[in-house]
Amino acid sequence: MSTGLRSGQVAEAAGVNVQTLRYYERRGLLAEPERSNGGHRLYGEDAVTALRVIKAAQRLGFTLEEVAELLEAGRHRHGRPVVGLQERAAAKIAEVDAKIADLTTIRTALATAVEAGCDDLTVCAGNPCCPIPFTDLAEENRHAGPCC
C-alpha cells in the first residue's frame, strides 16, 4: 500500500488522539497497519470506522474487553449476525437500569439531606433523623436532638 492515512489523520478523523489509536492497535482492536517505505503507519478508511465503532460502544457502556470480543465475533461472522450481540446489549441494558436505580437512590438521599439542612456530615451522621443512609455506621455516636 503506497497510499493511506497516517496515524494523525486517522486519529483526527475518528476524534481520538494518536496514543489511543496505538493503544487500540496494541490491544488488537485495530489491525496492524501497513507501513510506508519510510516506516510510517498507513491505515485504510476502515480504521476510522473501527475507531468510531469502538468509541460508540464505549459510550454505550461496553468495556474494551467486551468491545474486543464483539469485534472478534464480527470478524468471523461471514455475513451472519454477530452471535451474542443481542444478549450482550440486553445485559448492558440491565446494568444501565441498575445504575439508574442506584443513582436515583443517591439523588433522593442527597435531596433529602439538602431539604433537612445538613451542613456537617459528622454531626448529621450522629443524628437519628439523618436522611443519609450512613447512620448505621455511626450507631454508637447517635444522640437525641434536633435534626442536623
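**Reading the labels on this model**

Q: Where does Val96 lie, and why is Val96 called partly exposed?
A: Val96 sits in helix H5, where helices (H or I, at least four residues) and strands (E, at least two) are DSSP runs numbered from the N terminus. Its relative accessible area is 37%. Buried means under 20%, exposed over 50% and partly exposed in between (1.4 Å probe, protein chains only), so Val96 counts as partly exposed.

A quick word on the model itself.
This is a predicted model, in which local features need pLDDT of at least 70 and side-chain atom pairs count only at pLDDT 80 or more, while totals for chains, interfaces and linings use all residues. Residues are numbered from 1 along each chain as its sequence is written, and side-chain values use heavy atoms, with hydrogens and water left out.

Q: What elements does the protein chain hold, from the N terminus on?
A: They run α-α-β-β-α-α-α-α, which gives six helices and two strands. Of the 148 residues, 26% are buried.

Q: How do you know that Arg41 and Glu25 form a salt bridge?
A: The rule asks for a side-chain nitrogen of Lys or Arg within 4 Å of a carboxyl oxygen of Asp or Glu. Here the N to O distance is 3.4 Å, so the pair passes. Arg41 belongs to strand E2 (residues 41-42) and Glu25 to helix H2 (residues 18-27), so this bridge ties together parts 16 residues apart in sequence.

Q: Is Glu25 buried or exposed?
A: Buried: Glu25 has a relative accessible area of 13%.

Q: What makes Lys92 and Glu66 a salt bridge?
A: Their closest N and O atoms are 3.1 Å apart. The two link distant parts of the chain, with Lys92 in helix H5 (residues 85-116) and Glu66 in helix H4 (residues 64-75), 26 residues apart. As for Lys92, it counts as buried at 7% relative accessibility.

Q: How do you know that Glu69 and Arg88 form a salt bridge?
A: Glu69 and Arg88 bring their closest N and O atoms to 2.7 Å. Glu69 lies in helix H4 and Arg88 in helix H5, so parts 19 residues apart in sequence are tied together. Glu69, at 35% relative accessible area, is partly exposed, and Arg88, at 30%, is partly exposed too. There is also a network: salt bridges that share partners join Glu66, Lys92 and Glu95. The count comes to five salt bridges.

Q: What makes Leu103, Ile106 and Leu110 a nonpolar patch?
A: Patch members need over 30% relative accessible area and no salt bridge, with nonpolar side chains joined within 5 Å. Leu103, Ile106 and Leu110 form such a patch on the surface, with about 300 Å² of accessible area together. Leu110 lies in helix H5.

Q: How far apart are Val96 and Gly61 in sequence and in space?
A: Val96 and Gly61 are 35 residues apart in sequence, and 8.1 Å apart in space, C-alpha to C-alpha.

Note on methods: Patches are made of residues with over 30% relative accessible area and no salt bridge: like charges are joined within 9 Å, nonpolar side chains (Val, Leu, Ile, Met, Phe, Trp, Tyr) within 5 Å. Accessible areas come from the Shrake-Rupley method with a 1.4 Å probe; for residues, only the protein chains shown count as cover.
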